[in-house]
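This report is meant for someone meeting the structure for the first time. Please look over the sequence and the model before reading on.

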Amino acid sequence: NWVKRFTEQAIKQTKKFTPEVGDTWVADETYMKIGDRTVYFWDIIDSRTNFILATHVSFSRGAREARVLMRLARLKARKYPKTVITDKLKSYISGVGDEYGGRTEHKQGGPFKFKVTGESTAEIERFHKTLEQRTEVFQKYNDLETIRLLTGGWLVNYNFFKQNEGCGNVPPAQAASKVVPCKDW
């Protein structure tokens, strides 16, 4: 109950924050086995600030989930990106196309930077390695709403408090804005 109460407060305090992000975003999904179910974690990160724009947790891995992720990111950033880089999951094709309607170029990459095009999903792959360290906490819950709440609270920690080498050893929120709603808790 303590964790839930303070997580809800942290999410509420940071909800209206609008990061000043770049024009290239990187999306990917990962999964965890929780009990006998597979839970998918969909995430999208700004490649300039390493700010996680959106996350979506689901029991499925389809185009609908990709669209939800893209919509959440656009609403958080209050803009459309110029480019979204994803892996080769077909769900992203309709996710980017349907949500950004021709305003955004969709590039498919992989975890390694390609010499010719430069597309890479390395930023989000690194984030997922950090997320995997939290699997022990998620194992205690099997309902999607609690997992979403805990993921939301963890994202507040990642974006606002956790120092990030990729942004000059400051949290991504500080790299994305001069004014942040909180710097400690």
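## Helix 1 and its cover

What covers the buried residues of helix 1? In this predicted model, the cover includes helix 2, residues 63-77, and helix 6, residues 144-160. The residues of helix 1 that are buried are Thr7, Ala10 and Thr14. When the helix is seen down its axis, its buried residues fall within an arc of 65°, and they therefore line one face of helix 1.

The length of this helix can also be checked against expectation. Helix 1 runs over residues 2-14, and at 1.5 Å a residue its 13 residues should span 18 Å, while its end C-alpha atoms lie 19 Å apart, which agrees.

Thr121 and Asp87 are 34 residues apart along the chain, yet their C-alpha atoms are separated by 6.9 Å.

## The two sides of helix 4

In helix 4, the buried residues are Ile124, Phe127, His128, Thr130 and Leu131. Around the axis they cover an arc of only 155°, which means that they sit on the same side of helix 4. Arg126 and Lys129, by contrast, are exposed, and they are found on the other side of this helix.

Methods:
Residues are numbered from 1 along each chain as its sequence is written. This is a predicted model: local features need pLDDT of at least 70, side-chain atom pairs count only at pLDDT 80 or more; totals for chains, interfaces and linings use all residues. Side-chain values use heavy atoms; hydrogens and water are left out. Helices (H or I, at least four residues) and strands (E, at least two) are DSSP runs, numbered from the N terminus. The expected span of a helix is 1.5 Å times one less than its number of residues. Buried means under 20% relative accessible area, exposed over 50%, partly exposed in between (1.4 Å probe, protein chains only). The arc is that of the directions from the helix axis to the C-beta atoms. Contact means heavy atoms within 4.5 Å.
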